[in-house]
Each structure stands twice: as C-alpha cells, then as structure tokens.
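This report describes the sheets, the chain interface and the salt bridges of the structure shown below. The text is to be read alongside the sequence and the coordinates.

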Number of protein chains: 2
Amino acid sequence: MVKKDRGGVTFPEGFKAAGIHAGIKKKGALDLGLLVSEKEALIVGMFTVNKMKAAPVQISQRRVRRGIGMAIIVNSGNANACTGEQGMADAMLLTEKVGHYIGCSAQKVLPASTGVIGRNLPMTSILNALPALSEKISPKGYVDFSKAIMTTDTYPKSSQKEVLIGGKIVRIGGSAKGVGMIHPNMATMLVFITTDAVIEKDALRASLHQIVEEQFHTLSVDGDTSTNDSVYLMANQMAGNPVIGKGTEWHREFTQALMEVASELRNLLLRDAEGATKFLHLVIQGARSKSDAKKIASTIAKSLLVKTAFYGEDVNWGRIMAAIGNAGVPVRTEKILIAVGDVALVEHGVGLGVDQEEKALEVLKKSDITVTVHLGMGQMTAEYWTTDLSYEYVRINAGYKGRT
Amino acid sequence: MVKKDRGGVTFPEGFKAAGIHAGIKKKGALDLGLLVSEKEALIVGMFTVNKMKAAPVQISQRRVRRGIGMAIIVNSGNANACTGEQGMADAMLLTEKVGHYIGCSAQKVLPASTGVIGRNLPMTSILNALPALSEKISPKGYVDFSKAIMTTDTYPKSSQKEVLIGGKIVRIGGSAKGVGMIHPNMATMLVFITTDAVIEKDALRASLHQIVEEQFHTLSVDGDTSTNDSVYLMANQMAGNPVIGKGTEWHREFTQALMEVASELRNLLLRDAEGATKFLHLVIQGARSKSDAKKIASTIAKSLLVKTAFYGEDVNWGRIMAAIGNAGVPVRTEKILIAVGDVALVEHGVGLGVDQEEKALEVLKKSDITVTVHLGMGQMTAEYWTTDLSYEYVRINAGYKGRT
C-alpha cells in the first residue's frame, strides 16, 4: 500500500511536517520547517567536522547523544553560526517553545539552521510564526517542509521507500537541501530521514554511518565544508515489524532500503549543484586500500583544473594524472589507466594518442560522464560524484555586489 | 657597480643564457632556453611532490644529488610528462647534445620542461635548434631566457640583487614562470636562480630550502600541483668572496639577499595569476604552531567560496570562518578575530555588525587586500599570498573547445 499523497519525511507512519514563511527570507518564501513524530523516536545524527559549528549543531549534537526525540525545528536563510552566546540562547529558546506547542521537553526538540553566517536569528518573527506552524503540521506536509529548508536550491528534494521486514511494511522517507554555498544563503547539506521501523539504537546508528559514508561523503561540489552540515535519522518504531537487531539479515535489508533513499537524495543534491553543466561519476579501481581510492577520487573532484577542463569539454587527461599524483598516496605512473565513458585515454601512464582523444570528445559533450581511473596497485575501489566548474558557479558565489 | 645591461639569471658573474624558437610553440614564440655557467657550479634543487613527475624532473632530481652542474636546458609548450620511456630517452638525449655543444658531460646538464602533458617532445625541431641556441648564449641573454620559459605568463619574470660578503660584491639573479595552469600549456612554477657566491654546498642547500618554504610555498593560485614544478639554484663560486659557511653571519646575509630575489619573483608570479583581479595577502597570527598557521592560511587560500566572495567584493567573513574551521587544526570560535585591511569584522568569533561591513566594502574595492586572522591560541604566525577566482580563470582554464 503506497501512500500516494505522502512522501519524504512524512512518508513513514506517525510523522507530520510543515513549512511556513516566518520572515527570515524575503518575498514570502518558506523559511521555517517543523518535523514531528507522534511518538517518541530514536534519533541519531552526524554533523559537520568544521570546527566552527553553528549553535543549532552544538545543541543537536548534545541532544542526539541522549537519543530520544520528538521534533526537529529547522530554518533557512540564517545559519545561526558565529553568533556567540546569543545564538545559543536563541536556538535553546526556539526548541523550548516548539516543545511547548507539541507537548514535550526542549531536550526532545532538535534545532537546525542553514543560511548566512554571523547574523542573529530574527527571533520575534520566528516565535510569532510558531503557533501557525505547529497547527499546520500534517502527514502531507513534506513538500512544504522540503521547501522551507531550501537556500540556493532550485527545487525541493525528497525521497521515500518501502521495505518488508518480517512481513511488515517499513517506510523510510527523507528530505534534503544543498549543495554548494552562496552568500547571503551560505550553507551546504542538511538531510532529514525518518522511518517507522522498530529498530535497536546501535543498529540505527550503524545504518546512518554506512549511508553517510557511502552516499553523502562521496559527493563534492566545491570542497568546502560548512558550519551547519547535518544528517538526522529518526525511527519512531510504529511499523509493527519485529525488532531489527544490529548485524542481522533484517538490518542489512533495512540499511539497503535506507541506502536507496540516501542515494536518491545524493543524486538530487548533485543535480542541483550551483552552476553545474556536467555531472561526473568518478570510479577509482585497483587501489591498495579504500582510503587510498577515496583520497584520489576526492583530489580529482576538488581539482579546479580538472573541473574547468570538463566545463570546457577539453580532453585534458594530464590534469587528471596531475590530480592523481597530488593525492598524497603511493601510485605508479606506469600502471595507470584513465578512461572517460568507454574511451581509454591513458594506459601504463602514457597517452593513447590523438585518435582516442578525438573519440573522447564525443563523451565530453554529454552531461553525464563517467571517469574511470585504474591504479593497478591493488583490488580496492571507490566511487565519487562531482560537477564541473562553470562561469555560473562564479557568478552565483561572487554574491550580489560583484560584477555579475 | 650595478650591471645595467644584465639581469635575471645572467646578472651574476660567469652566467650566460639565451632563448630561441625551436618549433614547440606556434607563431614563432620563444620556447627553448639555455642557461650556462662558465665554470662548474654547485647546483641544488627542489621539485614537485606530485607523484607524476615529468621525465626532466626525474633526471634533474638525480643529477642534483651529485650537485655539480654547468647548464640547464628548458623548454616550454610541452611538459614531457606522462611520456613513458620515450620521454626519459628524449630528455637524456637533449642533455647529452647540450653537453656536446658547451663541452661537458650530460650529467652536468639539467633538463626542465613546462607545457602540455602527455605529448612527446618534437625532438627533431629541438635538436635542430640547439646549435643556434648554444651560439646565442650571452651575459645579456636573461630576457630571451625568461621569455622562452613562459606558457600562459603574460610577461617575463626576472629579479636580481647584489650583496656585499666580506667586502666583495656577490650577485644573485633569477627567472621564473607561472603561475596557474592552462591547456594546452599546462604547467605551473619553474624558477631558476643563479649566484656567483663562493659558498659551501650545505649552506647553499639550506638557503634554498628556506626561500622555497618562505616564498614559493606561501603562494597558491588554484591549489593544484603540477608534474613539473622545480626550483633550481646554481652557485658558480666566481665572486671571489670568502667562503660562506652554513650558519654564519655571511650565510644569513646571503640568504636574506636570496630571499629578496625570491620574494620579488613570487610577487611577479602572483601578479600574473590567471584571471586574478584581487591579490590577497593572508596574515595568520596567534597560532599554536607555524604549521597550524600555514594550514589555516592554505585552507583559506584554496577555498572557492572565499575566492569567489573576494571576486564579488562581498563582505562574506562567514566563509573565512568556515575555511578556518575546515583546516583540520584546533581552533576556538570565541577567540577568533578577522580583519580586512584595517577594518575588524569579527571579534571573539562574533561579527561586529553592519557598520563594520560597510567600512570593509571600501577595502574590498581595492586590488590589494590584506586579510588578518588572529586565532588567539598562541604566538606563531604565517603569511600567504593568493588571488580571487574570476570568470577569466574559468575561461582560460576551460580550454579552447569550450563555451568561451
């Protein structure tokens, strides 16, 4: 029984959400979202490793350790980062008020923010909007919720999935925003995933770590990390399935379904990357370790020279070679193979000549390009997703005061 | 006695140089340079840490270990990188032929290349040009030499300096090319420095390490490293000064003069950075260690978000905060101060408000901007130089086949 009118974070049983304009963004755009579970849910999260953690991140990190939550209150347009004690007090007060409206302690409400750094939240407007927001929550509210977390996103991003666990339907849903950053709406990735699964906490946490590592950590648009990056996963245990214990077959099935939701969200983030004209799928093979493979993928993904060459549809495999050599892991030039699509460009570290480069031009004209690098050093692989670097990226990120 | 008609690499006694068109670049541009010392010189060098070292880099690294050299042969337009055994054979043959013309063994000739990766050198053209090139060398040849090493450089880069050591004039000169990379002329930094100083080898090597660390390693245009980056320092001992021993006062004076030459070359490289409209001088203060300070400077310098914000003259200090937090070193938000020019924007990790941001706008309109970050963690400092990221950078690096 697919719930056709529900999706994203309100796809699983017992979740309600809403979005509203609270006066943070201009022009009446939705900028305050609320996600509520009918019953207390297990909640786990992963947060930015940036040392400058925004106030809501600091608070959420603490509350996630207790592991029980009822609601997430999230705003866009203002990151509440680098706002000192005032920022902490604002985020605390906000969760207290939300708790008041939905009937739980502030400890069970997690705050999240995204937007410009260094401005205090317009608390009066936000608090004034809370009653209407908490009345608005419904099982169909995922679209407004997804819109309320957008900054430079051009479309709301949701995904949902059902999986049978012990004969019972378990639902998973998610909403995300990002990727890429812009002033005044600086931010990157916020991801909210919900499920009605009955699951043990350590199993839930393990699943989260796995999907973050395999999906969200394999995506790079500009290599920067933000003060607010957060991924939340709530499980309200309402599906009636037998308990999913860590390491069981059910756990693998649940994680696989979660992975598909995460993968779809990751792809939606990638497709909305600022100014992107090319979507690059990097496949690194033949590495000595997973870590080596990921380092090489990440270095290629961050190289401005590689990214601008793809923007220019320029068969410049030398830049890929240079990026591989710049990754800080042992490689041997004479073992390296590089291909774009199914056209090999380099074998044994040496270019295959002009004919192959001509063929590669056809591949480069496409918007989706797979770049395969075989290192010839071992058996490990990694995948990574990134984009080219365009004029449009510069225009968006040069802000409003520039020469744009 | 300043030698008015001499400069750069031919400023010191006993050095000759020339540049010629050997058919590597199109349109008759100079593309092959030769630098020769009348007498055997001590030679030290530092090379790219990229794992994909071009053939000439591999050969030069080996020959620098012996430490005695007579000449450097350098071409632009072709990096001779990722060219396999043929590339090694070509570079070897080239140095053998140069040795033949100037009368020394190939071991005393160091090869260097810069340009597009993955193409074999047009050896016939180059070898045909060698007789004319070796006849052309003269004490005034530094301008042609500097031109012959250019790729996307818009002007040749030279510097020279005299220093008195024990009552004798010691001369130092240098030529450099870079910075930033482009297809088909991919390359970054090549630096050639000469001196007639009488100096011990370990003192010379120490001086080189110091100037590379303090000058060339404090410059970032796009964060990439190339297959060909090299810095060479030759000392032919012809100045007649008392021997400069390591750690002596003379050594400090000599290194100081060398530092000034290196600093001037570094500035010339910075000013010619591809598409740059802003020159950013990053000053990191209050770090626990020099290494922490450099990591933070480097992370700010590489942040696309910081670089595009400066291009847009956007007072987006949140991006600087996020870059600081992304450097992987311990920092405390509440201790951080940020200023552009003499306008403070952040104190104790909190923004100082709209008035200060308005004032900062005036600073951002200038082409030279000092960004000061005080971490409040200790006593150590670091400086770094970088540029903004402009449309022009994307245009240049998107190559010729793109939408430019």
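## Salt bridges, sheets and the interface

A search of the whole structure finds 30 salt bridges over all chains. The model is a predicted one. Side chains of opposite charge can pair when their charged atoms come close. One of the salt bridges joins Lys157(A) to Asp272(A), with the closest N and O atoms 2.7 Å apart. Lys157(A) belongs to strand 5 (residues 157-165) of chain A, whereas Asp272(A) sits in the loop between helix 6 (249-271) and strand 10 (279-287) of chain A, so the pair ties together parts that are 115 residues apart in sequence.

**Salt bridges described in this report**

| Residue pair | N to O distance |
|---|---|
| Lys157(A) and Asp272(A) | 2.7 Å |
| Arg119(B) and Glu357(A) | 3.2 Å |

**The sheet of chain A**

In chain A, seven strands form an open sheet of mixed pairing, in the order 8-15-10-14-11-12-13. Its edges are strand 8 (219-220) and strand 13 of chain A, each of which pairs on one side only. Strand 8 of chain A pairs with strand 15 (residues 380-387) of chain A in the parallel sense, over two bridges. Within this pairing, Leu219(A) has Trp385(A) of strand 15 of chain A as its bridge partner. Helix 7 (residues 290-302) of chain A packs on the sheet and touches strand 8, strand 10, strand 14 (368-374) and strand 15 of chain A. The direction of helix 7 of chain A makes about 20 degrees with that of strand 15 of chain A. Helix 10 of chain A also packs on the sheet, touching strand 11 (337-340), strand 12 (343-347) and strand 14 of chain A. For helix 10 of chain A, the angle with the direction of strand 12 of chain A is about 130 degrees.

**The sheet of chain B**

Chain B has an open sheet of seven strands in the order 8-15-10-14-11-12-13, with mixed pairing. Strand 8 (219-220) and strand 13 (350-351) of chain B are the edge strands, each pairing on one side only. Strand 10 (residues 279-287) and strand 14 (residues 368-374) of chain B pair in the parallel sense over seven bridges. In this pairing, Gln285(B) stands opposite His374(B) of strand 14 of chain B. Helix 6 (residues 249-271) of chain B packs on the sheet, where it touches strand 8, strand 10, strand 14 and strand 15 (380-387) of chain B. The direction of helix 6 of chain B makes about 40 degrees with that of strand 15 of chain B.

**The interface**

Contact between the chains involves 64 residues of chain A and 65 residues of chain B. Together the two chains bury about 5200 Å², 59% of it on carbon and sulfur atoms. Two salt bridges are found across the interface of chain A and chain B. The side chains of Arg119(B) and Glu357(A) meet in a salt bridge at 3.2 Å, N to O. Six residue pairs are in polar contact between chain A and chain B, both residues being at pLDDT 80 or more. On the side of chain A that touches chain B, helix 8 (304-311), helix 9 (317-325), strand 13 (350-351), helix 10 (354-364) and helix 11 (391-397) of chain A each supply at least two residues. Helix 9 of chain A gives the most to this side, with seven residues. The residues of the side of chain A that touches chain B comprise 27 nonpolar, 25 polar and twelve charged.

Notes: Residues are numbered from 1 along each chain as its sequence is written. Chains are lettered from A and ligands numbered from 1 in the order in which they are written. This is a predicted model: local features need pLDDT of at least 70, side-chain atom pairs count only at pLDDT 80 or more; totals for chains, interfaces and linings use all residues. Side-chain values use heavy atoms; hydrogens and water are left out. Two strands pair if DSSP finds at least two bridges between them. Helices (H or I, at least four residues) and strands (E, at least two) are DSSP runs, numbered from the N terminus. Contact means heavy atoms within 4.5 Å. Axes are lines fitted to C-alpha atoms, for helices over the stretch in contact, and angles run from 0 to 180 degrees between N-to-C directions. Buried area is the accessible area (1.4 Å probe) that two parts lose on being put together, summed over both. A salt bridge is a side-chain nitrogen of Lys or Arg within 4 Å of a carboxyl oxygen of Asp or Glu. A polar contact is a pair of N or O atoms within 3.5 Å; within protein, one must be able to donate a hydrogen and the other to accept it, and residues adjacent in sequence count only if both atoms are side-chain atoms. Ala, Val, Leu, Ile, Met, Phe, Trp, Tyr, Cys and Pro count as nonpolar, Asp, Glu, Lys and Arg as charged, and the others, Gly among them, as polar.
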